[in-house]
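Could you bring up the sequence and the structure first?

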Amino acid sequence: MAAALAEARAAAMRGEVPVGAVITDASGAIVAVAGNRTRELSDPTAHAEILAIRAACAAAGSERLPGHALYVTLEPCAMCAAAIGFARIMRLYYGASDPKGGGIDHGARVFSHPTCHHAPEVYGGIAEVEAAAMLTDFFTARR
């Protein structure tokens with residue numbers, strides 16, 4: 001999660017919402033890192049999770065990432081949750097909860113739907129205080 005937090009800090013420095021993501025393989029080695037780039041790329045899908053999944057899939061030469069884990073600083077939204085399922089990621093670790101836009105434990109709860117083809121093991125609250133503080137500070141400075 002430390003690497004994901006570093007990506008979130010880098011995203012904030014670029015003026016992006018501070019969310020960072022890291023994907024590890026079955027051995028625990030980092031295979032992809034990303035931070036939000038929606039503004040930079042003018043792409044509403046350029047969330048940290050999506051960018052990390054794209055990079056990890058490219059590195060693996062596959063659209064699926066069985067045995068991989070995703071660490072992200074904020075509870076993924078419904079779009080990212082769907083991508084996590086489609087990529088067949090084994091475990092998801094996230095930091096801060098997102099009662100407004102989350103898609104895992106809040107909102108859409110994507111993995112609880114009968115149409116969900118794959119649901120990873122989910123572990124929330126990892127480095128939650130630091131991740132939440134980073135988001136709060138970012139938005140407070142813009143209001």
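Q: What relative accessible area does glutamate 130 have?
A: Quick housekeeping: this is a predicted model, where local features need pLDDT of at least 70, side-chain atom pairs count only at pLDDT 80 or more, and totals for chains, interfaces and linings use all residues. Residues are numbered from 1 along each chain as its sequence is written, and side-chain values use heavy atoms, leaving out hydrogens and water. Buried means under 20% relative accessible area, exposed means over 50%, and partly exposed is in between (1.4 Å probe, protein chains only). Glutamate 130 falls in the partly exposed class, with a relative accessible area of 41%.

Q: Which residue forms a salt bridge with glutamate 130?
A: A salt bridge here needs a side-chain nitrogen of Lys or Arg within 4 Å of a carboxyl oxygen of Asp or Glu. For glutamate 130 the closest N and O atoms are 3.0 Å apart, and the partner is arginine 9.

Q: How many residues apart in sequence are the parts that this pair ties together?
A: Helices (H or I, at least four residues) and strands (E, at least two) are DSSP runs, numbered from the N terminus. Arginine 9 forms its salt bridge with glutamate 130. Arginine 9 sits in helix α1 and glutamate 130 in helix α5, so the pair ties together parts whose separation in sequence is 121 residues.

Q: At what angle do the axes of α1 and α5 cross?
A: Axes are lines fitted to C-alpha atoms, for helices over the stretch in contact, and angles run from 0 to 180 degrees between N-to-C directions. Angles under 35 degrees count as roughly parallel, over 145 as roughly antiparallel, 65 to 115 as roughly perpendicular and the rest as oblique. α1 and α5 are therefore roughly parallel to each other. The axes of α1 (residues 2–13) and α5 (residues 128–142) come within 11 Å, and the crossing angle is roughly 5°.

Q: Which residues of α5 make the contact with α1?
A: Contact means heavy atoms within 4.5 Å. The α1 side brings in Leu5, Ala8, Arg9 and Ala12, while α5 supplies Glu130, Ala131, Met134, Phe138 and Arg142.

Q: What do Arg14, Arg37 and Glu40 make up together?
A: Arginine 14 forms a salt bridge with glutamate 40, with the closest N and O atoms 3.5 Å apart. That pair links distant parts of the chain, from the loop between α1 and β1 to helix α2 (residues 38–41), 26 residues apart. Glutamate 40 also meets arginine 37 in a salt bridge (2.4 Å, N to O). Put together, Arg14, Arg37 and Glu40 are linked in a network of salt bridges.

Q: Which strands stand at the edges of the sheet?
A: Two strands pair if DSSP finds at least two bridges between them. The open sheet of five strands has mixed pairing and the order β2-β1-β3-β4-β5. The edge strands each have a single partner strand, so one side of each is left without a neighbour in the sheet: these are β2 (30–35) and β5 (121–123).

Q: In β4, which residue is the bridge partner of leucine 74?
A: Strand β3 (residues 69–74) runs parallel to strand β4 (residues 91–96), and five bridges join them. Along this pair, leucine 70 stands opposite leucine 92 in β4. The bridge partner of leucine 74 is alanine 96.

Q: How many of the six residues of β4 are buried?
A: β4 is largely enclosed by the rest of the structure. That's because its count of buried residues is five.

Q: Which elements do the buried residues of α4 pack against?
A: Helix α4 covers residues 78–86, and its buried residues are Cys80, Ala81, Ala83, Ile84 and Gly85. They pack against α3, β3 and β4.

Q: What relative accessibility does threonine 24 have?
A: Threonine 24 has its place in strand β1. Leaving aside residues up to four places away in sequence, threonine 24 touches Ala29, Ile30, Val31, His68, Ala69 and Tyr71. Threonine 24 counts as buried, at a relative accessibility of 8%.
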